[in-house]
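Me: I'd like to learn how to read the contacts in a model like this. Can you walk me through it, starting with charged pairs?

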2 protein chains.
Amino acid sequence: MARWQPETTERLIVAAVDLFGEQGYDATTVAQIAERAGVTKSTFFRHFSDKRELLVAGQETLSRLLAEGIADAPANASPLQAVAAGLERASGAMGPTNRELGPRLKAAVEASTELQERDALKSVGLAAAMAAALLARGVPDPTAHLAAELGVLAFKRGFTQWIDGDRSDDRGFAHHALTALRELHAATTSLG
Amino acid sequence: MARWQPETTERLIVAAVDLFGEQGYDATTVAQIAERAGVTKSTFFRHFSDKRELLVAGQETLSRLLAEGIADAPANASPLQAVAAGLERASGAMGPTNRELGPRLKAAVEASTELQERDALKSVGLAAAMAAALLARGVPDPTAHLAAELGVLAFKRGFTQWIDGDRSDDRGFAHHALTALRELHAATTSLG
């Protein structure tokens with residue numbers, strides 16, 4: 001059996017996003033994705049359980065990095081400073097391919113209710129990972145859950161800024177996510 | 001054709017939640033749900049597009065009520081006061097049957113990834129409805145989105161309190177949702 005190759009994962013994701021864009025998510029089969037990526041169907045299934053999982057590839061990695069960044073933040077860091085550390089750590093998994101694929105990925109999700117549902121559950125998973133890491137630091141409830149939700153909002157807003165922004169702006173995902181987090185924190189004072 | 005009856009909707013939901021609890025979501029068919037509710041399959045499909053939609057029944061009603069409550073809040077209401085008005089309005093759709101079915105519904109969702117996905121998308125829909133209503137009031141972004149997320153968190157936390165709490169406590173859903181909203185607002189001062 002061939003060694004598991006990270007580049008195969010990336011090739012499968014690129015092939016899938018291209019096909020979803022060309023012919024729609026529903027009309028795209030695993031066989032077509034595998035063929036476009038130049039691998040067999042059984043290789044596909046060694047990497048993903050089904051085509052939907054392709055689009056949330058990296059959720060476990062992101063959750064782990066967010067939680068690790070929060071856990072490793074200095075003991076005197078505030079809840080949002082810990083969330084910021086989590087976002088910085090997670091940005092290690094957000095490279096040029098993520099940015100490049102971002103707009104097509106977003107279009108595929110917007111065109112499919114099934115993908116919207118999977119994407120929504122992904123956000124719930126990221127929030128849960130951050131909340132658990134904050135609670136483990138001794139942040140009380142509901143502050144931990146609130147900070148985790150702000151982290152998810154900052155992640156999503158930062159991602160949109162990053163993929164929609166000027167391509168000559170080479171500041172990474174972390175810059176945009178941390179800017180969004182600061183803006184959200186500032187907005188808490190105008191809630192009422 | 002029979003007149004569309006609200007009580008049929010409720011009977012179908014009760015039958016479905018009971019069957020999901022007895023034999024699991026995946027093993028339950030539309031035919032079984034219809035039979036348990038004492039209606040035909042075609043009656044089922046006049047009320048719901050599939051069995052999954054049963055569990056998010058009321059999402060459109062809730063979104064509408066949340067948005068109307070926010071729109072009708074006094075002009076000088078703060079963003080969170082408007083959200084509170086939305087939650088109060090939405091509580092009109094949260095009656096004894098919702099409370100009675102709550103624990104079984106929660107168990108069915110926890111046991112099925114498919115239902116978790118649909119449930120996550122429901123939260124996204126409620127947040128979007130509240131954010132749009134707040135933006136229409138002139139609340140700027142990102143305050144509008146932040147207030148909407150607090151509204152969703154308050155809705156979910158209040159719902160859990162309401163269905164898990166002492167049954168002799170007859171304060172309605174609104175009491176629990178507004179308490180949760182106040183707690184979340186208080187927690188914003190300890191974020192960072």
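Reply: Side chains of opposite charge can pair when their charged atoms come close. The rule for a salt bridge here is a side-chain nitrogen of Lys or Arg within 4 Å of a carboxyl oxygen of Asp or Glu. By that rule the count is 26 salt bridges over all chains. One of them joins the side chains of Arg52(A) and Glu114(A), at 3.9 Å from N to O. Arg52(A) sits in helix H4 of chain A and Glu114(A) in helix H8 (residues 113-136) of chain A, so the pair ties together parts that are 62 residues apart in sequence. Helices are DSSP runs (H or I, at least four residues), as strands are (E, at least two), numbered from the N terminus.

Me: Before I go on, what are the ground rules for the model and its numbering?

Reply: This is a predicted model, where local features need pLDDT of at least 70, side-chain atom pairs count only at pLDDT 80 or more, and totals for chains, interfaces and linings use all residues. Residues are numbered from 1 along each chain as its sequence is written, chains are lettered from A and ligands numbered from 1 in the order in which they are written, and side-chain values use heavy atoms, with hydrogens and water left out.

Me: How many residues of chain B are in contact with chain A, and what area is buried?

Reply: Contact means heavy atoms within 4.5 Å, and 29 residues of chain B meet 29 residues of chain A that way. Buried area is the accessible area (1.4 Å probe) that two parts lose on being put together, summed over both. Between chain B and chain A that comes to about 2600 Å², with carbon and sulfur atoms giving 67%. In chain B, Glu117(B), Leu146(B) and Leu191(B) lose the most area to chain A, together 28% of what that side buries.

Me: Which salt bridges cross that interface?

Reply: The rule finds six across the interface of chain B and chain A. Among them is Arg52(B) with Glu117(A), whose closest N and O atoms are 2.7 Å apart. On the side of chain B that touches chain A, H9(B) gives the most, with eight residues.

Me: And inside chain A, what are the domains?

Reply: Domain bounds come from an automatic or database domain assignment, which gives domain 1 (6-53) and domain 2 (57-190) for chain A. Eleven residues of domain 1 of chain A touch ten of domain 2 of chain A, and the two domains bury about 1000 Å² between them, 65% of it on carbon and sulfur atoms. On the domain 1 side, Val17(A), Tyr25(A) and Arg52(A) lose the most area to domain 2 of chain A, together 50% of what that side buries.

Me: How many salt bridges cross between these domains?

Reply: Three, by the rule, between domain 1 and domain 2 of chain A. Asp18(A) also forms a salt bridge with Arg104(A), with 2.1 Å between the closest N and O atoms.
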